[in-house]
Amino acid sequence: MPSKADTENNPVVLDIGEVYTKVGVNGDTEPRAIIPTAISNKDGSLKYIFKHDHSMILGHKTGSDFRQIVHQFIATIYYKYLQVDPKQHSVVICESLLAPAKLREAIADVLFKDFEVPSLIFAAHQLLACFTVAQGTALVLDCSYGESIALPVIEWTPLLFESHTAPVGSAAIHKSIGENMKKYGRMQSENKDEHNIEIELPDAVIEDIKIKTCFVTTMERSKKLLQTDPGSVDEQRISQQIPRVTYYFNGSTKLFIPGIVREESAEILFEQDNDRTSVCTIVLDCLLNSPVDTVKELARNIVLMGGSTMLPGFRHRFLVELNELVKTEERYREALGECEFRLHNPPTHGNLISWLGGSIFGSLKEFRRKFITKEYYKNNKQSLPDWYKMDLPPPEVVPEKQYVTSKTISYTRTSRIAPRLSMDYKKLPKPGK
């Protein structure tokens, strides 16, 4: 008799990020929709589910209505964007290693209890990126909204305890753009002269400025800018080599974005902080801590993912910085001096790599046994298996047929056997008779 996984429709794939969520169905080459990870308030504003201020050490705080917000958000996904019956589709959820546990628990609880999905699975972004590039051993750098995380994956197995993080991401770039625009930018309203920017630019405008005008400069120009004093004549001379652009804001209002804002805003990703960490050093630190016989292969299979990696010039600057750090810093020279760094060229945009990997992952029947079913969720006191929970059995080791016997009928884990068939099963002669 075919298992339930074989008869289900294509799984739904959800890549729930801190700011944006990509939704689609397994088998599609791209998401059906990219939406904010938020619900709409009555006044039209957005209320994000778990976005927080990364400039403060507060972490993710959830209110008493957190589950209701998650329910409303998932209902919007199913009935507005996907328009599918949740009872007929399993779910593949692409998650970050740094996502709050309360979020994954709330998502699972809502999907199982409210939408009655047959099964689901949480998969790390870095592992799914390996499915996108069809490479089982790779070093994945995820530049997300609040932080960047590097994780080695060896033979399709993420080495969770070898991951390294840097507290820089899109949020840091947005903050840099806002500060530099107040310092160097100009604005012009209708029938008025140019003047300094005195208002707080909305987050949506800052993000649009980053996407449309900013880029990652070369390492040579970056060194020149660092050697000049802020506001000096030399800095102005260097920055004038990059033309300023005009951005229309609120219809008749113009924002003038100077060259120094365009090329300096992304520098925060490559500048080392007090702990000597950047998006490049965390990759090299992962290589230092990885098994010796995998270091060279990992260095040749680096995957960049996340919206920030889509900035023009990022890939070139990243490779140059890696080679420069290995040559100049003693902590990397001896162990990584012979490594050759190569970047994969995925078949999709950097911000869609994880979702496409989830789509590929969900189409492989070999991994269906790893899905968490409703019966598993209920029998284990509504707990989810995770790397820090050692008292739960992995879903794949649970027997395919796990009978729960009552006085009259028996049910299986993967199929719904009719009561009549269950009673006939009991009447079969026992072996040896």
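Two residues are taken to be in contact when heavy atoms of theirs lie within 4.5 Å, and a residue is called buried when its relative accessible area is under 20%.

Helix α5 runs over residues 170-184, and its 15 residues reach 21 Å from the first C-alpha to the last, close to the 21 Å expected at 1.5 Å a residue. The buried residues in this helix are S170, A171, A172, I173, H174, S176, I177, N180 and M181.

S265, which is placed in the loop between α9 and α10 (279-289), is buried, with a relative accessible area of 0%. Leaving aside residues up to four places away in sequence, S265 touches I173, S176, I177 and N180, and also C214. A polar atom of the S265 side chain lies 2.6 Å from the backbone oxygen of V261.

The chain averages a pLDDT of 84, and 83% of the residues score at least 70, but two stretches fall below 50, as the table sets out.

| Residues | pLDDT | Contacts in the model, beyond near neighbours in sequence |
|---|---|---|
| Residues 1-7 | under 50 | 9 contacts |
| Residues 401-428 | below 50 | 37 contacts |

Where pLDDT is low, the predicted coordinates should not be read in detail.

Notes. Residues are numbered from 1 along each chain as its sequence is written. This is a predicted model: local features need pLDDT of at least 70, side-chain atom pairs count only at pLDDT 80 or more; totals for chains, interfaces and linings use all residues. Side-chain values use heavy atoms; hydrogens and water are left out. Helices (H or I, at least four residues) and strands (E, at least two) are DSSP runs, numbered from the N terminus. The expected span of a helix is 1.5 Å times one less than its number of residues. Buried means under 20% relative accessible area, exposed over 50%, partly exposed in between (1.4 Å probe, protein chains only). pLDDT is the predictor's confidence in each residue, from 0 to 100. A polar contact is a pair of N or O atoms within 3.5 Å; within protein, one must be able to donate a hydrogen and the other to accept it, and residues adjacent in sequence count only if both atoms are side-chain atoms.
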